[in-house]
Amino acid sequence: MDLVTVDIGGTHARFAIATIQADGTIDLGEPETLHTDDHASFQTAWEDFRGRNGGSLPPRVAMAIAGPVGGEVIRFTNNPWIIRPALVKQKLGVEAQTIVNDFEAVAHAVARAPEDQFIHLTGPDQPLTENGTISVLGPGTGLGVAHLWRSGNDYRVQATEGGHIDFAPLDSIEDAILARLRKRHNRVSIERVVSGPAIVDIYQTLAAMENRKTRDEDDIAIWTRAMQDEESLAAAALDRFCLSLGSVAGDIALVQGGFGGVVIAGGLGYRLRNQLPKSGFAQRFRAKGRFAELMATIPVKLITHPQPGLFGAAAAFAREHA
């Protein structure tokens, strides 16, 4: 059975053709990435992808969406598109659909991915639990959070909006980051500090502490300098980002009971695969006071599947329809 699988974030919409084999195996075709800013709606992006594929597509679609998906109208957190689930079949010309939150899809991917598609970050170097809860989170345009519960060969996935819980600073530098953000936001959530665009505020806070002048630039420019270690201030912002991500990952594990494992996902998470083990991520993950010993027992991994959102959306479709 063939279907179109789609992963729609704040910046990109990724499309691929997936095949669900008779034994449940999912084969993912070569993905295509479209910029959301280049299309007025999801329907026009779909038509663009259809045109790139000879003018026809399988009559089934699985969609992973960056935002809540339960209502009559789906509004994205970080892009202006609107989707009405009741009209999807009519608008796209499909016979069956599955719509899930983007990190719900990633959690499906975590549940289905083999062990060799994970990198060990901290905690005991052992597989994710086969019986219990696994927390899944990842920075991108925002911060996605979900969790899955495993029981033998069965599993259940729960989408959340955990990226919007309150940010809790742990030292004077994070106090300064919070003070900067509070000038623009009455309430500062963790995705204001742990997401791709957040590196700008981290960088500018560090610059202000040293009375350095900075120019207006986007997050990509700062990330590029930081990842290539071209500038000490950008590198310091990267280190600070990793610290905050460790704190947040530990908090999410405590809240969800993710004691069977924590998985870092998302495009930015994957790009940080070499930086996270060398940073203070692990120390911040464990630094939970009376629960430090418990946190040290949790295996923390990074999923390396190149398209977990697309793969996971197809897995969610298979679970619902196959």
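The legends below describe close-up views of one predicted model.

In this predicted model, local features need pLDDT of at least 70 and side-chain atom pairs count only at pLDDT 80 or more, while totals for chains, interfaces and linings use all residues. Residues are numbered from 1 along each chain as its sequence is written, and side-chain values use heavy atoms, with hydrogens and water left out.

**View 1. An open sheet of 6 strands with mixed pairing.** The strand order is β9-β14-β13-β10-β11-β12. Strands (E, at least two residues) and helices (H or I, at least four residues) are DSSP runs, numbered from the N terminus; two strands pair if DSSP finds at least two bridges between them. β9 (118-122) and β12 (154-159) stand at the edges with a single partner strand each, so one side of each has no neighbour in the sheet. From one strand to the next, the twist averages 25°. Angles run from 0 to 180 degrees between N-to-C directions, and axes are lines fitted to C-alpha atoms, for helices over the stretch in contact.

**View 2. Strands β10 and β11, with two helices on the sheet.** β10 (residues 131-139) and β11 (residues 143-151) run antiparallel and are joined by 9 bridges. I134 has L148 in β11 as its bridge partner. Helix α3 (residues 102-112) packs on the sheet, where it touches β9, β10, β11, β12, β13 (262-264) and β14 (300-303); contact means heavy atoms within 4.5 Å. The direction of α3 makes about 40° with that of β11. Helix α7 (residues 232-256) lies across β10, β11 and β13, and runs at about 150° to β10.

**View 3. H147 in strand β11.** Leaving out residues up to four places away in sequence, H147 touches A107, T133, I134, S135, V136, R156, V157, Q158, T160 and Q256. F103 and H147 are 44 residues apart in sequence, and their C-alpha atoms are 8.6 Å apart in space.

**View 4. The crossing of helices α6 and α7.** The axes of α6 (residues 219-227) and α7 come within 8 Å and cross at roughly 95°. The two helices are therefore roughly perpendicular to each other; angles under 35 degrees count as roughly parallel, over 145 as roughly antiparallel, 65 to 115 as roughly perpendicular and the rest as oblique. I222, W223, R225, A226 and M227 of α6 make the contact with A234, A235, L238 and F241 of α7. By class, this contact has 8 nonpolar, no polar and 1 charged residues. Ala, Val, Leu, Ile, Met, Phe, Trp, Tyr, Cys and Pro count as nonpolar, Asp, Glu, Lys and Arg as charged, and the others, Gly among them, as polar.

**View 5. The crossing of helices α3 and α11.** The axes of α3 and α11 (residues 308-321) come within 7 Å, with a crossing angle of roughly 85°. That makes α3 roughly perpendicular to α11. On the α3 side the residues are A105, V106, H108, A109 and R112, which meet P308, G309, F311, G312, A313, A315, A316 and R319 in α11. The contact divides into 8 nonpolar, 3 polar and 2 charged residues.

**View 6. The largest pocket, with about 1100 Å³ of space.** On a 1 Å grid over the protein atoms alone, a pocket is an open set of points where a 1.4 Å probe fits, with protein on both sides within 12 Å along at least five of seven lines; lining residues have an atom within 4 Å of a point. Grid points are joined across faces, edges and corners, and a volume is the space filled by probe spheres set on the points. The pocket is lined by 48 residues, of which P139, G140, T141, G267 and L268 are the closest to its centre. α6 gives the largest share of the lining, 5 residues. By class, the lining has 17 nonpolar, 24 polar and 7 charged residues.
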